Every structure is written in structure tokens, then in C-alpha cells.
Amino acid sequence: MKLILDPAQAMLAKTASDFANKHDPVDRQRQLRNDKSELGYSPAVWSEMADLGWTGIPFAEDLGGLGMGMAEAVLISESMGEALAPEPFISAVIFAGSLIEALGTTEQKQAWLQPTIEGQKRLAVAHQEQATRFDPAHCTTTAEQVDGGWRLTGTKAHVIDGYDANGWVVAARTSGGDRDEDGISLFIVAAGANGATCTHQARVDSRNASTLVLAGAPGELLGGVDGGGPALSEAIDRATVALCGEMLGMVREAFERTIEYLKTREQFGAKIGTFQALQHRAAEMFVEIELCKSVVMGAARTLDEDGDVSNRIAQVANAKARCSDTVILVTNEALQMHGGVGMTDEYDIGLFMKRARVCELTFGDASYQRNRFAKAQGF
Amino acid sequence: MSDLETFRSETRSWLEANAPDALRGKRNDPEAVPWGGRNPNYKYPECADWLDLMAAKGFTAPTWPTEYGGGGLSREEASVLDQELMDLELPPGLTGFGLSMIGPTLLQYGTDQQKQEHLPNITGGKIRWCQGYSEPNAGSDLASLASAAVRDGDEFVINGQKIWTSGADHADCIFMLTRTETSGKKQAGITFILVDMDQDGVEVRPILLVSGASPFCETFFRNARAKVSNVIGEINGGWTVAKALLTFERNMIGGMAAARTSLPDLGAEYLGRNDDGSLADPILRDEIAQMEMDALSFGLTVQRNADAVKSGKQPGPESSMFKYYGTELNMRREQLMLSIREQQGLGWEGDGYSTDELVQTRAWLRSRGNSIEGGTSEVQLNIISKRVLGLPG
């Protein structure tokens, strides 16, 4: 694997960055928050992203996709992170889309994947429940066969972009105990189905998240019975790496703004950037960010190229741990170095810090990932 | 078969046919690596043959041009050679500051005549080099160095003292920074010159370190002489050359962080495992995972940089990042290994400790110098903040 952008990737990165910058970066997120938008994103911008083909980036060309990979997907999410753009790229395209492409029947792909690529519909993945400490195997929602169909019962929490989705990919238990890795199956539950109630969860970053209560709701099996675990785990890894791209974009932007502030703000008759206490902390952040760039590239390319599961887990866990730690470090430091003005709502740094905490705690924080890395490496 | 695979199989056959039996399996024994020079004095006499055989193939400096005794190999071929050496657990054909520091500097800044004169002696292992940079009063603030070189016809006469000159007690020649102008900006009065140490005006005294070893020396110059033709770059323009060489040095020290002992294996040996295979001490297990992940991230960053350089990017001040992070990583690793070995990691000598444990005590102590030599960690952070980030002052 080569850790460098080829000319086509460099072009895509530039297009994505120009696009994000064209749509009032950060201000747009602030406005959606002020409007208390429960959808949390702009359907018009989402539709433009579909027109550019980005909703089809990782999918095969015969499905209407662009036939690219995670190496390209992270370029899109990185630009979105830079601008705090809240569109459901990761949840609908990378997370739910990967699952439908991997497991769906021809009919399911026609019903869900093609409209996703066209920007007409979107699915959200409801894989988690409350207090399960990121473990996808910890699943108490059940699915039972009734009259030849499946009925799901349980409560899924923290469903990313779940509110106002056209449907959800739900992980439910079809055999085994609450924490068994085997015995999890995946189902598509369409919005509006009897017994499926989705409510908005207001979070610190003002994005779309929801709780999905299932009371005997009908679900359509996606993939085999009891065999959803490995596919879910791989899709989570793909979404995790896309999220690492978003964190990298955020970190770069927050850092750039901070360096700019250090070069202009004066105290004690000097630019505060002349103070060595701040210089060294800035230099240390620079090093951490350079490491983040490498691990995001490495993990994305591993997902595109490598079939070995333990190597995949090691690279993804490493990327998520590193980006989680760095996004917290850099947004905390950015606020500290901005001083009092950083604490004001009017200043953007706070928006980066709030989103950083959400990213850190989505798909497993650094300590969860270290444990996962160690397990994958056999210690 | 691709060209690279052909090269691999030819190299493999050659190594198997030519490598001395006494050096096979000795890759990790520092005494088995030939260092060359006028009076090498090897523990394994076969080192001398190994050096000559490797040098004749151009394998001591695989990527250097063949006209200077290099191998003229591509990076890919050089890496194949390295893999094959590792596979047979063979030491490289030569090591030292000639290859890692002054050689690359001469390739970049030397005149044709200087290259002709010095590079073949480096690739052939004929001359062993040491570095004369730091002085008792010029450490982190290197540019304040005072060792004076005064012109006398076609020679310079040198007086002063260098310190932390690694391996000076075994070296034949020294590349050093001298003061040739005292007025004006201190960086603008420095000259980079090559000096033969086989003369009365040069005296070397080893320095004993906390690790019990003496890898460094103090080197005194009293009316020592060097030809003006041995100045690299311009007279009073040595600072530019000095900085380029520091980049090579930082890359070398940063590269030393490459993992040797497997930490998870060490953990299994000293901490034991739970029934599920996880290391029995959950806190140290987490620290080992952090260490392994940091090393993986650093490795990916080194690779990313190498890929960028291959595609035409010029190496710049960000080499400070590799020096800074690589050495900090190595030091943390040594400390963690001590924590894992617990009180078995405290041995100094004699019975009660395995050879590995005793070696590691010394390695930990030695590693404490990593963040000082080649520019302290703080100096690297200064370079990053000023030259990479453009912070003022």
C-alpha cells in the first residue's frame, strides 16, 4: 500500500474541500442548531452531494456507484469535518450502505441501495443499546419469527442520523445470550412500520441522533439468520475509519485557527505565539496530527486492500484510538489557547469541541480500541 | 519473474554462498557488525572478510552511485537486500557515521574531488569517522561553538574542544564545525571541515556514562592541522552543511526506534496470561497496547514520508518530528520494558539475572540520552514551531 494520494484522489480531495467551503462552513452548522433542527442537516446540500456522485463512492459501478473505496471516502469525510458539515454521509453511505451492499438481495439493493446512491432515501444503522460500552455483541433486542415474517422487540439507542430516516438496519438477537458474539441477525425496518417509534435525542453537538423503540415491529431479514455479527463488525470498521477522516478534518481546522490566533493575539507587548510554553504545545500537536494523517490513510487502504481480519482490526482500532485522543487534545488546547473568547458561544472553537466529544465516543473510545487492538494481536 | 524477484534470488544465493559462518545468526550482536577503519580490532575476525566481500558488491552503501563504491541500487532493491540479510540473521557489511552522516552530506555538498577522495574510503570501510559538533558550552545552542580554525597558507590550524564525540577513540577522521569568524551573526562564521585524527594535535578521552559504557569522548585540538581543500561548502558557510547533516543524523536516530523485542511476548513471559489469552496485568497490557499502537502510527508516518519523498517531495524541517517522536518512543519503550520485567530489570552484573535482563538495564540507561543527542527534544520542538508552523520569535 502506498501512503500518498494519486492524482485522481488529490483532485477529489480538492473538489470536496471546495464544496465544503462553498456552503458556509461552520456557520451552517450553527444555524441548524439555532433553528433547533431535529433533522440536523440540510436536504439541499445532501442532494448536491448525491449529484456529485459522493453517495455512491464505495459502491460497484453496476449499482450506480463510483466503484471507489475507503481511501476516497475519507477524503469526503475529512472535508466535511473541516467545515463541520452535518450531512449523513457516514451513516447512510458508508455504514448502512456497506451493509446492504455486502448482505442485501438484488431486491433489497434495488429498494434501498440505489435510492441511497441517488440521494432519494437513506437508512440509518440501529446497532447499539444503552450502557453496552460500544460492544456490538451486547444486544438484547430480539427478533422472533411470526407467520413467516420477523417481529422485533427492544430499544436501540444512539442511532446516528436515525431521526427521519426512511428505515433502519437493526441488529437483533435470534439466538444466544445477551453478550454472545454469535446469534445476532440484521433486519431492515421501514419507517412507519407498526410498532417502530423513533424519537430525536438532543445531543451536545446538535446533530441527528435518535432512540428507536421496537414493539413487535416487522423487519425484513438482511443476510443470514444468526450470522450478522461479522458483517456488522466490518461495517462498523468502515464507518469508524470514515469518522476518523472527519476527526482529522476537524483537528486540522481547529489547529490552523489556533496557530493563526497565536500569530495575531498580543499580550505582554508580544504575539502570544512567541511564548515557548505555547510553541512547544503547538509543536506537539503538529506531531500528533501528522500521525493522524498516516493512520487514517493506512486504515482506509487496509480496508480497501487487505482480507486479514486481525490486521484490519489492528489498523482500524489504532486509527480510531489515535484520532479520538488527538481530536480531544487539539480541541481542548484550541480552546485554552484562545483564552476567554474560546469559551464564548459566538466563537466557533466550542462547536468543534462539542462535535469532538461525540466523535470520540462514537464507535468506541481510545481505551476500548486499545483493548480491541490487544485482543486482535493476541495479547 | 520480475526484476526485483530476480534480484532477490540472486542476492540470496550470493549471501548464502559468501557469508562467513561465524557471523550467521549474529545480527543482533553489536560486535558482529564491521565498523571498518585503519585499525578495526574485531571480536570476530571474519568481520574483516565480510566487510571486503560486501564492499566489493557495493552492498555497504547499496543506494550510492557505483563510481564511489556504492551499489547503484534502487530503494526497493536495497530493501530486498536488507530483508535477505535479516532473513539469514546476518549483520550489515558496514556501519558507522561515514555511511549515515558524512557520506550523504558529501554526496549533497562535496566537490567532485572531495567525493572522489572520501566516498570510496567510506564505502570500502577504509576510514572510520566521528562527529565533532557539540562543545562544553555549545550544546543545544550549537551555533555558539568556539573551536577556532585559523588560516595558515593552504591549511587551517585548529584549537579547541569537542564533546560527545561518539566513537572518537576508534575513529580515524572527524568531520567538525569550527569558528572561522567571530564578528557578525554567530551562524555566519562557522566552517565545516574534515580533519585527520592521526596527528599530535588531537587527543581523545572517553567519558563514562550512567550505563557504565563509554560510547562518547572528549576530543581536544591543540594546533591540529587540516587542508583548506577539506572544507565542505564555503568557508564561513558551514552552518548550511551542518544543518543538512543534522537531518541525516535525526533520521538515523529516529530510525533506531525500530522494534526489536516483542512487547506482547515479553509481557506473556513476565506477567503471564489469563485463560482468554490476555496478559494477566490489565494496566500493563493497556500500556503495551498504547506503545504498540504508537509504534505502528510512527511506522506509518515514516512510510508516508518515504512515499512522498519518492514522488519528489524535498525533505524539510519536519525531520525534527521523526527525531523527536522516534526517540521519545524508544525511551518510553525502554521504560515500559523495565516495568514489565519488574525487579528482574534492576540487575547491573553477575548472577541472578539473564543476559537479556542485564543488557536491557544498560539499554534503558543509554536510551536516556536519545532525547539529548542530535539536538534535544526541546530543540526539535523549537524547530517545528518556528520553521514548520511559522510561529514568531
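**Note on the contact between chains A and B**

1. In this predicted model, 42 residues of chain A are in contact with 38 residues of chain B. Together the two chains bury about 3300 Å² between them, and 64% of that area lies on carbon and sulfur atoms. Of the area that chain A buries against chain B, 22% is supplied by Leu3(A), Arg370(A) and Phe379(A), which is more than any other three residues give.

2. The polar side of the interface deserves a separate look. The rule for polar contacts finds 21 residue pairs across the interface of chain A and chain B, with both residues at pLDDT 80 or more.

3. On the side of chain A that touches chain B, the elements giving two or more residues are α7 (228-264), α8 (276-305), α9 (309-338) and α11 (366-376) of chain A. The largest share of that side, 16 residues, comes from α8(A). Sorted by class, the side of chain A that touches chain B has 19 nonpolar, 12 polar and 11 charged residues.

4. Turning to strands within chain B, β3 (residues 155-163) and β7 (residues 216-227) run antiparallel and are joined by 8 bridges, with Val157(B) having Arg225(B) in β7(B) as its bridge partner. Strand β6 (residues 202-207) of chain B also runs antiparallel to β7(B), to which 6 bridges join it, and here Arg205(B) stands opposite Glu218(B) of β7(B).

Note on methods:
Residues are numbered from 1 along each chain as its sequence is written. Chains are lettered from A and ligands numbered from 1 in the order in which they are written. This is a predicted model: local features need pLDDT of at least 70, side-chain atom pairs count only at pLDDT 80 or more; totals for chains, interfaces and linings use all residues. Side-chain values use heavy atoms; hydrogens and water are left out. Contact means heavy atoms within 4.5 Å. Buried area is the accessible area (1.4 Å probe) that two parts lose on being put together, summed over both. A polar contact is a pair of N or O atoms within 3.5 Å; within protein, one must be able to donate a hydrogen and the other to accept it, and residues adjacent in sequence count only if both atoms are side-chain atoms. Helices (H or I, at least four residues) and strands (E, at least two) are DSSP runs, numbered from the N terminus. Ala, Val, Leu, Ile, Met, Phe, Trp, Tyr, Cys and Pro count as nonpolar, Asp, Glu, Lys and Arg as charged, and the others, Gly among them, as polar. Two strands pair if DSSP finds at least two bridges between them.
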